[in-house]
Amino acid sequence: NIRERTYIMVKPDGVDRGLVGDIIARFERRGFKLIAAKLASPGKEHLEKHYADLMGKPFFPGMIQYMLSGPVFAMVWEGLDAVKTGRVMLGATNPLESGPGTIRGDYALAVGRNICHGSDSVENAEKEIALWFPEGVLQYTRSQESKVFE
Ligand code: DAT
Ligand code: MG
């Protein structure tokens, strides 16, 4: 689906380390279309909603504290197989298992400081987009679309 959308977020460590531009550039040059983006300082309740599936895990409180340590950069990217391809570009959850060339494999070492978030299914992507962008996303056509998609 060339209209598939995924929610990608640079976490506080990534923003603090100045990696926002690089992460945007990777998705742009791959051919994905940016349809929403903002710097945000979500509260605890919002983050607990985002990570609701992980509530009860031993690392959950520490992970929420880390997510509250500074602003995040929230984005929605659209394009062919955006969810799965986005996850491949991020790398494995544990950066020690992320291949070089992936965002986590290039910039991170610790699972609790892994720089970025990406939706893990189309269904969760739609939920996350609604949670982070209640104001909606944009629709527009790029001039080079036919050079990127068949
Ligand atoms: P992902 O972010 O790859 O989708 P996830 O949804 O399973 O991974 O977990 C969300 C985040 O929680 C993950 O990016 C980092 C943190 N996390 C996961 N497992 C962890 C662990 N064993 N120890 C510490 N933090 C962990
Ligand atoms: Mg996840």
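A salt bridge is taken here as a side-chain nitrogen of Lys or Arg within 4 Å of a carboxyl oxygen of Asp or Glu. In this predicted model, the count by that rule comes to nine salt bridges, and R3, K33, E78, R142 and E145 are linked in a network of them.

**Salt-bridge network**
- R3 is partly exposed at a relative accessible area of 43%, whereas E78, at 9%, counts as buried.
- K33 and E145 meet through their side chains in a salt bridge of 3.4 Å, N to O, which joins strand β2 to helix α8 (residues 145-148) across 112 residues.
- Both K33 and E145 are buried.

**A pair within helix α3**
- K44 forms a salt bridge with E48, with 3.3 Å between the closest N and O atoms; the two are four residues apart in helix α3 and therefore separated by about one helical turn.
- K44 is partly exposed at 46% relative accessibility, and E48 is likewise partly exposed, at 21%.

**The two sides of helix α7**
- In helix α7 (residues 122-132), the residues N124, A125, E128, I129 and W132 are buried, and they lie on the same side of the helix because they cover an arc of only 135° around its axis.
- The elements covering these buried residues include β1, β2, α3, β3, α5 and β4.
- E123 and K127 are exposed, on the face of α7 turned away from its buried side.

Terms used:
Residues numbered from 1 in each chain as written. Chains lettered and ligands numbered in written order. Predicted model: local features only at pLDDT ≥ 70, side-chain atom pairs only at ≥ 80, totals over all residues. Heavy atoms only, no water. Buried < 20%, exposed > 50% of the residue type's maximum accessible area, 1.4 Å probe, protein only. Arc of directions from axis to C-beta. Contact = heavy atoms within 4.5 Å.
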